Amino acid sequence: MANHKLRSPVSTWIGRFGQDCWFHPQGWLWGLGRSLLAVPQTVLRQTGPRIRGLGTHLTRGVRAPRRTRMWWLRLACKFADLFCLGEILNALGMFVKHNTRPLSFMETVEARRIFGDSLDYKRVRLDEWSLIAHIANWVYQRRTGKRSGHMAVTIFNTIHCSRRISASAGNNDMAWLIHELTHAAQYQHIGSQFLFEALLAQRREGYDYGGAEALAARDFPQFNREQQGDIVMDYYNILLGRKETPGPQRQSYERVIGQLRAGKI
Ligand SMILES: [Zn+2]
């Protein structure tokens, strides 16, 4: 019989912290370095496209008969993106959270089947011990009166989960992760405005995008941010044979997924 020594919560925490800080690709130091590096990288690569995005937004706003609250909110987000607010907050978050992790090799391989090269997978972090996700779960239960088994909230490039993700090719957790990765793709392509758009989508039309019939009539950017997440998740399930779909309907999914991969979000 093994002689088990009782460990205090403090020594357990210190032990775990030491493990997490270990300098390896799953570790905290590596993730912190990558997050800090993301700031100058974004300045170099994204400043041009972000200035162009801001210009387009302003031009459209000048022509529009009235500027709504969402228009002003998007404008504020575009300015924030220009100063890399998302990347800076992600890097600051890494100082506080030492136990986030990058996508595993298997998760990246599965996600690549959908997103191809349109997503920077190395920038995505998973927080499986997230207070934010638990707070979001509590707010959801109070607002709707429904009980939710688990909750995930994607903020910039970090996916906050209320429990550990046990993803394997084609299982429910992997499909769930694909939905959340769609939000990371939204952030990487259109910037931090996706956060407000996703919140608004939850309050208004919700997640139901109308099935394959609706896909034939509309382009990917015409669906709200949550519907986009569910379209991509459903396509993943179709691809893995978990959702029976006739040929023409499958083509409708492939058309909009092509738009996602081309960055038309
Ligand atoms: Zn979502």
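**Entry 1: the sheet**

I started at Asp127, whose bridge partner in β4 is His160. This is a predicted model, and I kept to its limits: local features need pLDDT of at least 70, side-chain atom pairs count only at pLDDT 80 or more, and totals for chains, interfaces and linings use all residues. Residues are numbered from 1 along each chain as its sequence is written.

A note on my labels: helices (H or I, at least four residues) and strands (E, at least two) are DSSP runs, numbered from the N terminus. I call two strands paired if DSSP finds at least two bridges between them.

Next I asked in what order the strands of the open sheet come. The order is β1-β2-β4-β3, with 4 strands and mixed pairing. At the edges I found β1 (101-102) and β3 (152-155), each pairing on one side only.

I then went through the sheet pair by pair. β1 and β2 (residues 125-127) are antiparallel, with 2 bridges, and Pro102 has Arg125 of β2 as its bridge partner. β2 and β4 run parallel and are joined by 3 bridges. β3 and β4 are antiparallel over 4 bridges. Within that pair I noted Thr154 with Ile159 of β4 and Val153 with His160 of β4. A reminder to myself: strands of a sheet pair through backbone hydrogen bonds, either parallel or antiparallel.

Phe156 is not a glycine. With 24 other C-beta atoms within 10 Å, Phe156 counts as buried.

I found a second residue of this kind in the loop between α3 and α4 (85-96): Cys84. Cys84 has a positive phi of about 55° although it is not a glycine. Cys84 is buried too, with 20 other C-beta atoms within 10 Å.

**Entry 2: Arg163**

I looked up Arg163 in the loop between β4 and α7. Arg163 is partly exposed, as 16 other C-beta atoms lie within 10 Å. Which residues does Arg163 touch, leaving out those up to four places away in sequence? They are Glu128 and His150; for contact I require that the two C-beta atoms, placed from the backbone, lie within 7 Å. The C-alpha atoms of Arg163 and Arg147 are separated by 15 Å, and the two residues are 16 apart along the chain.

**Entry 3: the core**

Of its 40 residues, Ile114, Ile178, Leu181 and Val232 touch the most other members. The elements that each supply at least two residues include α5 (105-115), α8 (193-203) and α10 (225-239). α7 gives the most, with 7 residues.

Leaving out residues up to four places away in sequence, Ile114 touches Ile178, Val232, Tyr235, Tyr236 and Ile257.

**Entry 4: helix pairs**

My axes are lines fitted to C-alpha atoms, for helices over the stretch in contact, and angles run from 0 to 180 degrees between N-to-C directions.

α10 and α11 pack at about 125°, with axes 10 Å apart. They are therefore oblique to each other; angles under 35 degrees count as roughly parallel, over 145 as roughly antiparallel, 65 to 115 as roughly perpendicular and the rest as oblique. Residues in this contact include Val232 and Tyr235 of α10 and Tyr253 and Ile257 of α11.

The axes of α2 (residues 28-63) and α3 (residues 69-82) come within 9 Å and cross at roughly 160°. α2 and α3 are therefore roughly antiparallel to each other. Among the contact residues I listed Ile51, Leu54 and His57 of α2 and Trp71, Leu75 and Leu82 of α3.

Methods
A nonpolar core is a set of buried Ala, Val, Leu, Ile, Met, Phe, Trp, Tyr and Cys residues joined through C-beta atoms within 7 Å. A residue is buried if 20 or more other C-beta atoms lie within 10 Å of its own, exposed if 12 or fewer, and partly exposed in between; C-beta atoms are placed from the backbone.
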